[in-house]
Amino acid sequence: MMVKAYGDTLNDGSVQLSFTLPVKCSGKAKEAARLYVLKLGFRECQIVEAAPLSDEFTFFVAYGRTDAAIDYDRVDYTDAVGEDRLSMDEVNAFIREKFKRHVVVVGACTGTDAHTVGIDAIMNMKGFNHHFGLERYPMIEAHNMGAQVPNEKLIEFALQVNADALLVSQVVTQKEVHVRNLANLIELLEAGHLRDKFIVIAGGPRISNKLAVELGYDAGFGSGAYADDVATFIVKKMEESIRR
Amino acid sequence: MKSKLGISAAKIAKARRLAAQIAAPVQKFIAGHTTTTVERATLRLMGADMVSSGGVPVPNIAVDSLRDKLSGGVSRWYISALLKTGKTPQELNADIAGGLDISKLPLADFSAIKKAASGLAAQFDRKVSAHVARRNGRLNRYRKNAKSPLLYVIVATGNIHEDVKQARAAVLQGADVIAVIRTTAQSLLDYVPFGATTEGFGGTYATQENFKIMRAALDEVEPQAGRYIRLVNYASGLCMPEIAAMGAIERLDMMLNDSMYGILFRDINMYRTFVDQNFSRMINARAEIIINTGEDNYLTTSDAVEKAHTVLASQLINERFALNAGMEKRFMGLGHAFEIDPSLKNGFLYELAQARLAREVFPEHPLKYMPPTKFMTGDVFKGYAMNAMFNFVSKATGQSIHLLGMLTEAIHTPFLQDRYLAVTNALYVMNAMDGLAGEIEFKRGGIIAKRAAQVLDETVDFLEQTAETGLFGAIEKGMFADIKRPKNGGKGFDGVVEKGPDYWNPFEDYLKKELGL
């Protein structure tokens, strides 16, 4: 099935854009913006707003129509969890039944990153958006190490508490600092022959399952993921490795 | 100020008494201690600057060389070195950077050292007085154009020269206050980096040269903007007083500066933070730099409705510590934030209640109001609407310093256009409802008045518990922001030193005298 952006008619290919060009606001700037949008591959373009940001920058709002389409059936994508997400109660029941012990999860915002909002949303008692955090799960022993935790410290602590899973949050992504830091953790684990000892999960607004798996993680969760998604993945993965 | 919320003045007075009671034992500890960064800041106030070829700042080299003499303070050694070598601070800095060990030089006669110290303090005083006069002169010249609240935006490219372009654009769009957000983790460096910097993560290094570059850029755009543009940085972290010293020297106008933020959110040792915040606030107070406290952070880790009282409690504690450091109320930009879950029924009324309560408890203070961050998502359109609601509350309740919400808050550091859209939103809302605050009265016994009364009651209870436990113990128990910090844990504890009977710090003496302490 080929699909295109939908404005008000099927296959009209209408897309809304906004961007800034480093030129003074003028009629010429507006025309340049229109041509720029056409060059991006749009068939038609209307510049509906042009506003000066300073003497050297102009902001544009544009609408374009495009002929480009995507074959939806051929889109290759996998979620860490998919459709069969367990609820908090189901996760706890699952743990009681399958493992007969607490599952230990250690979370941290690693490297220089000081933004705990992601790891807190997954781990704190309160959780986020009416999804309780892992600390609230009776069958999960959750340790939130907070921000700016060196990868070495995370591993050391994980060994100390005999963790089943490590959750690594990365919010700051400027200059790809998150990729380097995430890769470093896997390198350290591999160097210590510890990679198979833990389920290792990355999370953050710019993290996808695909990116995380490429970096050697078991899974990655982006924005919109909650504690129950992460918990489901951990317990299913643990069960899988027991079966193997 | 007439209370529109009908809150009890007696209860506010009680809360203030409790805050004073909570701060008193801490203040006693502060008086008996110094820290490595307090000593380094003192050297900076005297003119210590530059770095060695290995990048170690001169204040660090000097203080490290005197590590076993810190209980007496480092001032006499630096001044003595000036006298013994007959050099200016600039020349001495170059020598120290080149390897001169001032701890090895014989001490000059103390009366000569004291005399030289008065000269250095007078020099600093003249500089700061000129800065204050310049700032006040410009504020007065452009007072017709002053907005209320002041519109505050952040630039954060990592490259100071790129920051300048973004700041200039934001000013021309209508911003009044520019904050150069710091690079991630600078707060945990136990030194201040040197020189102009072009690399940073999530922000730009706070260096004296970067301060100078941005100050010059904002002064340059001032005539075109028709407003004095205030510059903000962060006197927080392990170098709190040093950043304050640099800000005083380079005419910054505001500093983020909280008495407990570093302890709770950066795991800096509590003794270290309390001593550091006091000295940094004395510098800020003398330089008439408005501090911005960080109560908004409480609401990013805890629920904004359940824990609203911790914000008011922290504001009162911050106020007390600032008063103890000789700061006037007009320089206390106490913080709070618009962070209630947008799906909560009547959440907007609670926001109005909280913001108005802050205004009524702190009528003379330039309150700093922070935008929604926690519930911002990739839906930039909804985010833009939330920011409009935030703008409305700020104007309707008479806030002073308004940090503009960015529609892309949850996505990336702001694009140039994001700031423009934020300013446009605020100017529209605040102009359209300019006189509304004067028209508003809150219904007695209504949702808003009841909510404000409830938060005040909870604050008094919370402060009573804190007073009973003691502030050090309360932080250890996790009573603030649900974060527990051990007394002797955290970063920077080894830099805390008990003052000996021979402790001497001429700048502390000078500041105390100036501030009437």
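Select strand β9 (residues 199-203) of chain A: 3 bridges join it to β10(A), and the two run parallel. Helices (H or I, at least four residues) and strands (E, at least two) are DSSP runs, numbered from the N terminus. This is a predicted model, in which local features need pLDDT of at least 70, side-chain atom pairs count only at pLDDT 80 or more, and totals for chains, interfaces and linings use all residues. Residues are numbered from 1 along each chain as its sequence is written, while chains are lettered from A and ligands numbered from 1 in the order in which they are written.

Within this pairing, Ile201(A) stands opposite Ala219(A) in β10(A). Two strands pair if DSSP finds at least two bridges between them.

Next, show the open sheet of 5 strands in chain A, ordered β7-β6-β8-β9-β10 with parallel pairing. Its edge strands are β7 (140-144) and β10 (219-221) of chain A, each pairing on one side only.

Now move to chain B and select helices α14 (residues 347-361) and α18 (residues 447-469), which pack at an angle of about 55° with their axes 8 Å apart. In α14(B), the residues meeting α18(B) include Leu349(B) and Tyr350(B) (contact means C-beta atoms, placed from the backbone, within 7 Å).

Technical notes:
Axes fitted to C-alpha atoms, helices over the stretch in contact; angles between N-to-C directions. Contact = placed C-beta atoms within 7 Å.
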